[in-house]
Amino acid sequence: MLSRSGLWLTKRQNHTGAYRYYFQPSRVDISKGWKTVRLHDKQELPITVEEQAMVACKEIAHIYLAWKQGRPGFGPHLIDELGRVARPAAPVGDAGEPGTIAAIVADFMDSDEFDELKPATRNDYRLCLEAFAQKFGTRRWESISAKEAKMWIREKAETHPSMAHQWYRTCRATLNKTRLIYDERDHPGYVPEKLNPFDKLNIGLPKAKLIVWPLEAVTKMVEIADEVGRPSLGDAIVMMAWLGVRRQDWLQWPANIFDTPYLAWDTEKTDAPVTIPWSVVPELRERIEAAKLRRQTDNIRSTTFFVDDVGHRPWSSNRFFVAFGRLRAELARRHESFATKYAVKHYPSDPMRLPTEWLTMRVLRHTCITALHDAGCVREQIRAITGHTIASINEVLDRYTKLTADQAGAALAKRLAHEGRPQESNVSAFVRR
């Protein structure tokens, strides 16, 4: 079996010597609806080229991993008999008429615009577009009013608050892209600029709770990783906390990526080139040098740098997720909460404490962004670390930075300095008194 980037891809040779490629889930999941399926392309022809098989299997693996992680809406029902991610089912009746939402959704998912999206993004789009087609499938786009669109998104927010923003952005983007998928302006599905009913709805949707890892929590988590004999977990945690690297990026880093003082890679999500002088961070440099020494001592020959200490094999996305979860559970057992620099308001007696069970792997990236912002980094410096585009960095800073005591303290210090007044003792000194 081939195991690359956490994919479950296997190939078998027939009597003519040709290879057949299959998605093969774990045996324990066979009884839960998953099965081995041969991979086919859009034309329903069997895939015979390994590179194409890797792409096709990666799409299925994204759904498979999301299902294993318990994310709603994911499961074997999204995979058809030909080993392809199923398209949203078109509503009955006049759903096939050009200009209807169902037709626009189908045309978009058959377009180059959709194919150019990253596999993970395509799968997220599918879930949203399925709901879009179910709600408005037989309706023509121009019959949907902005008020109606706004009410529907608000209804979705009540039942799926964490997904509401994604539904909104996906519907808006899909209708905006009709100008790129239809050849003629008079095509019934062509949505002219400024006529998109999902554009500028000014919806005050509830935002997901933004969590920032306290420095002490990161330190304790890494200590436990070392204690239980999985220092590679600690290495990855330190690296994600400092550099905000997404898991899907560092999982694939080659064994020699830290052989120079600079990390250079293209992000998997946006293809943005990122170059970071990682070696300037003493804590990270110490962890990486220790990891290199372990590789030499244990004679590890993995093609990737980050290797599971159990079995000395490359981390898969799911195996790391599970190991991280167990480590965090142990952290929560030892420390119910941690002090923060922003108001959490969970504990009535101490609003500045954060429950350990709220800390997740995903928010390590948010933690990195907030830490850089607290340090006074300007947006160009932050995006040099995270790889965000100029167009998106302001939105990112609005969504992923907490209003912390450090930021407020820096503002007060600047005012005191401007007015020529001395600054009082710091907060920690006040607490000691």
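**Reading the sheet and a helix pair**

Guide: Lysine 11 stands opposite tyrosine 21 in β2. The model is predicted, with local features needing pLDDT of at least 70 and side-chain atom pairs pLDDT 80 or more, while totals for chains, interfaces and linings use all residues. Residues are numbered from 1 along each chain as its sequence is written, and side-chain values use heavy atoms, leaving out hydrogens and water.

Visitor: In what sense do β1 and β2 pair, and over how many bridges?

Guide: Strands of a sheet pair through backbone hydrogen bonds, either parallel or antiparallel. Here β1 and β2 (residues 19-23) are antiparallel over five bridges; strands are DSSP runs of E of at least two residues, helices runs of H or I of at least four, both numbered from the N terminus, and pairing requires at least two DSSP bridges.

Visitor: What is the strand order of the open sheet?

Guide: The order is β1-β2-β3, with antiparallel pairing. The edge strands, β1 (9-13) and β3 (37-38), each pair on one side only.

Visitor: At what angle do α5 and α6 pack?

Guide: Angles run from 0 to 180 degrees between N-to-C directions, with axes fitted to C-alpha atoms over the stretch in contact for helices. Helix α5 (residues 146-159) packs against helix α6 (residues 164-176) at about 150°, their axes 8 Å apart. The two helices are therefore roughly antiparallel (angles over 145 degrees).

Visitor: Which residues of α5 meet α6?

Guide: Trp152, Ile153, Lys156 and Ala157 in α5 meet Ala164, Trp167, Tyr168 and Cys171 in α6, contact meaning heavy atoms within 4.5 Å.

How values were computed
Angles under 35 degrees count as roughly parallel, over 145 as roughly antiparallel, 65 to 115 as roughly perpendicular and the rest as oblique.
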